[in-house]
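Me: I'd like to learn how to read the contacts between parts of a protein model. Can we go through one together?

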Amino acid sequence: MKACAFEYERPRDVSDALKVLSSEGAKVAAGMQSLGPMLNLRVVQPRLLVDIRRLEELRTIREEGDTLALGACVTHAEIEDGRVPGATGAFLQKVASRIAYRAVRNRGTIGGSLAHADPAADWPSALALLGGIAIVAGPSGRREIPLERFVTGLFSTDLASDEIVVLLKLQKLGAKARFGWWKFCRKAGEFAQAIGGVLEDRERGVARAVIGATAGAPFVEAGNRRLFEKPDLDQCLAAADKAGLGADLYSRRLHAVALQRAIAEAQRR
Amino acid sequence: MTNKGVGARLPRKEDRRFLRGEAEYVANLRLPGMLDVAFVRSPMAHAVLGKIIKPRGNEDRVFTAQDLTGVRPIRAVSALKGFKVSEQPVLAHGKVRQVGELIAMCVAPTRAQAEDLADEVELELKELPAVVDMVQARTNPQALVHEHWGDNVFLESLVDDDIASIETKARVKVRRTIRTARQHMSPLEGRGVVCEWHKRLDQLVMHSATQMPHLNRAGLAECLGIDQGAIRVIAPDVGGGFGYKGILLPEEVCLAWLCRKLGRPVRWIEDRREQLSAGANCREHHYDITLYADDRGRLLAIDCEATVDSGAYSSYPFSACLEAAQVSSILPGPYKMERYRCRTWSVATNKAPILPYRGVARTGVCFALELMIDAVARELGMEPHEVRLANLVQPSEMPYDNITKKHFDSGDYPQAVRRAAAMIDVAAIRKLQAQSSAQEPRRIGVGFAIYCEQAAHGTSVYHGWGIPMVPGHEQCSARLTPDGVLELRIGAHSHGQGMETTLAQVAHTVLGIDPQNVRLVHGDTGLTPYSTGTWGSRCMVMSGGAVAAACEVIGTRVKAIAAKLLEVSAADIHLEAGDARVSGTDRGMSLADVAHVWYRKPQLLPVDIDPAGLEATAGYKANVDTGTFSYACHAAKVAVDIETGHVEILDYVVVEDGGTLVNPMIVDGQIYGGAAQGIGTALYEEMPFDEQGQPLATTLADYLLPSATEVPSIRIDHLETPSPYTRFGQKGIGEGGAIAPPAAIANAVNDALAAFGVEINESPLTPRRIVEALARAGR
Amino acid sequence: MKRVALTVNGRRVEAEVEPRTSLADYLREREGLTGTNLGCEHGVCGACTLEIDGAPARSCITFAVACEGASVRTIEGFADDPVMEALRQAFTAEHALQCGYCTPGMLVTARDIVTRLPDADAARIRLELSGNLCRCTGYVGIVNAIQVVLKDRGTGGASR
């Protein structure tokens, strides 16, 4: 299982990266924990890899008023180790610590995971739940993409092939915010079969739920207070139906249970 | 003084190199000028193979069946009457019969470049309907895997008996269809070959990750048309086998041919995707089984029709029908009954040729039978372990010839069940169950499984199963070197069993030599006596017996020499702690001193000393061909989450009896490892195929191997009833751990779900299957 | 081909490599460091785990060219490490290896556990080990060995 031949460039900064990325057959590479297997399996065969993993600009973690700015190449391990402060950091830490295995978390990046958009991965669903924006850089400058609309389907995003995710700007959660995150994996560390997440931040008037690990984009429902007040299975099954999971009995049940357990966890906080 | 012989928990000598990254697996070998091979493999399960178009400009680096002139196909013909012969071409021509079948061989300086070449080869394939379901393949085939057969059955067998008379008097009749999924043994190291044609010795030298180098040699000789002496097969450090490496590979024949053609060493290392897509070859059984019992749960009869999915070809050396032949003879398990009828079919399908995975047919048989025992128990409202106790062969009846003429050598089967029931604490579990509310999503259950495992069987048994290569005697060559180190040479080979340590322990018990001064040379046809290899839990009995025999010969000669030098009679000498001592005195000399005299001062030797000296080859033959019967009762306590179908193993106990344990630490390790694989079979591992015969779990993201979070802490209790038939009373135990867990866990899940009227009779018990079964039952 | 310079087991190396060469293959084929084993080449089994810049990483899905300036430590590079020595002794005492193929990767992960998570209990140990597959031992000896070393370190033992 050896990859097809490719060329490799390590640009100095984002604008350098964009220049290289604009050429034919070029693909962004960061942690490569998802890309590496795909290369070895030969399911992707890029002409050129543009390695942005160590660009300083993409590795920042800082607070900006009531938002948190996370560089796209911050690793899951850095988040797991508590490098992101506050209540938001606690939520991110909980998600990060259950991604794959530590060896993968040491290299894999939050921006990379989001851009790859595997439905069964954690960040696409978690970031859609949290809300905020992704700042992406392209040949015609930078633009903002709301996180709940970033992933558009199975391995599909709003990102163009000549664009790079640079920064994630996340709304800081209030100290009294409650969250729940529950995913079902058949064995530890593997991709999720179902994800349920909820976020309630009354200070900011936020009540959101996400159903992830679907066949496409994560399903986000905002403002459904009933879900939080009365997390019975029927409510959650209804949400699963809205997420397009009605056809398969087991999948529908599993996603509904994931959501229900996420709500129960949030309520225990 | 610490015991370092038979019975000691001696830490392993061989650990040193593995802990430092100094092991020599086949992929670590570097031969000058070595080239790498990648294969073009069939993307289809069943197709007519037309033209193979080699990449322009690189035709001389790609080889097909047409190029391999003089190379014969692989043939493994069972001696059983009615066996249908299939030939497996080493490179396909005319037709392909499984996804992953070899079509072309590409050679290049690196593996990556060889894969590039393989990608450029074009194939003309006309797809045929795939034969995927074994029952349909037999009863209503859409296509024939081997047209000249007229059907898809390698072999049918029948053990007949009069069931009709039982039917009328049985109070309980329970009938079920039970299926086990196809699996992949998945050793962490795949298969691999490095070989060269050695010019000076005019010999093929092949390093292969194999469990049976002598049999690989025999198979290579047959396929290449050269004599066995012109072939040397060496098994280096091997990273796990479990049966996966007990085969003559078409890849081995191809590389053997290639290295001679090119005059350069060549290498092929199997990668995980090749392994999973081309090698899922075991465990797939189908049972239509009926148990008849009286109102006290006593078994009257078993009536069974069993089908084994044997894949596309008959693999060498075990053949396609070993497993189905086994089913007939071992289905009755450790139980008594009045009647037994069993019909089996080994069926050909468009999948990888079957190989015996750890436990062989016993895992499937145990699954079927033990689930039926629990079904009988539910029918009668009895505790499942009580039904077992009512039917097990009693210790007072040992040795016992059962209904299929298996000769159980020794043991207390009921005691194993009673102890397991106590350890898992059935009473406490029943209390918990009674107390749990109907709303509780976590349901607790308990399940048992007991088996007895025939191992180290001798010639007549294998001959009776029609195996093409019948194991006979086992030899060991022992030699005391001039400085008193003992070298042991055996043809069997370790792939994790720790023989460098355990056989040194045997030598210590016989000769008194420190295990640190014992060196094991194994698994090399150029250096070691013939052996059919490491499989069937045979080595501790067979190789252990041979080592003891060879050491005894050496010991006799050592005593004769020491007696002369110490001026006593040989009868006054005993061997202890590396010395030859005069009993009852403090006089003695070291083994090294004795060796020194033999090699350097023969003038001091007794006149009548055997001139063969401190070198001896001795053999071991099983006293009784039916071998040994180790046994164990496993018990599992599980929690089933009825909302998600997830099964958590809360407690797992094994009460096992392996007779005398040569190294209890290693025995425990074998049980833990086997049980982990059994848990994989029970809950996680399956290779599904679609209607076109495409394997659907071709990476480890889909083929789920249990990790440390899926395998609980396992508690083991040992009974030790020595076998009356082996050198130290030891029994073969290597496979046992993998036999019972699927049955124990399925029984526990079914116990947990009994209140809903759910019974699952299929492995693995995936969350999906559990949720769907509950939904069907209205939950 | 691309030039890459990195440190391997404390020794600076420079090489011309095809970008598609994994770190594992580079070490095994070019540096003669065959201690790191390949089990799947898609990042699941953990056999190839080694340390990059002091943190465990999968060498099968890391490309050598991406390791410019990195400090790589393979199983061979831990020959004199006291923590690894404590683990080696515990692995033997607790029978934590059989065929040995998973062992180098398992040891690197085990070392990460005992140094990063001194309070890990059995459940946590198992969770941290879930990315290292073993087909032989059933993990019992491995978990026991790690617990022995943790306990020894906790009481100020020699492996500190």
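Me: How many salt bridges does the rule find across the interface of chain A and chain B?

Reply: First, the general idea: a salt bridge is a side-chain nitrogen of Lys or Arg within 4 Å of a carboxyl oxygen of Asp or Glu. Here the rule finds six across the interface of chain A and chain B. One of them joins R261(A) to D641(B), with the closest N and O atoms 2.7 Å apart. Keep in mind that this is a predicted model, where local features need pLDDT of at least 70, side-chain atom pairs count only at pLDDT 80 or more, and totals for chains, interfaces and linings use all residues. Residues are numbered from 1 along each chain as its sequence is written, chains are lettered from A in the order in which they are written, and side-chain values use heavy atoms, leaving out hydrogens and water.

Me: Which elements give two or more residues to the side of chain A that touches chain B?

Reply: Helices (H or I, at least four residues) and strands (E, at least two) are DSSP runs, numbered from the N terminus. On this side of chain A, the elements are β11 (178–184) and α10 (249–268). The most comes from α10(A), with seven residues.

Me: What area is buried between chain A and chain B?

Reply: The size of an interface is often given as the accessible area lost when the parts come together. Buried area is that loss (1.4 Å probe), summed over both parts. For chain A and chain B it is about 2200 Å², with carbon and sulfur atoms giving 53%. Of the area that chain A buries against chain B, R186(A), K187(A) and Y250(A) supply 31%, more than any other three residues.

Me: How many residues does each chain bring to the contact?

Reply: Contact means heavy atoms within 4.5 Å. Chain A brings 19 residues and chain B brings 29.

Me: Now chain C: into which domains is it divided?

Reply: Domain bounds come from an automatic or database domain assignment. Chain C has domain 1 (2–77) and domain 2 (80–152), and their centres, taken over C-alpha atoms, are 22 Å apart.

Me: How many residues of each domain of chain C are in contact?

Reply: 15 residues of domain 1 of chain C touch 14 residues of domain 2 of chain C. Between these domains about 1200 Å² is buried, 54% of it from carbon and sulfur atoms.

Me: Which side chains meet in a salt bridge there?

Reply: The count between the two domains of chain C is one salt bridge. R111(C) and E51(C) meet in a salt bridge at 3.6 Å, N to O.

How values were computed
Buried area is the accessible area (1.4 Å probe) that two parts lose on being put together, summed over both.
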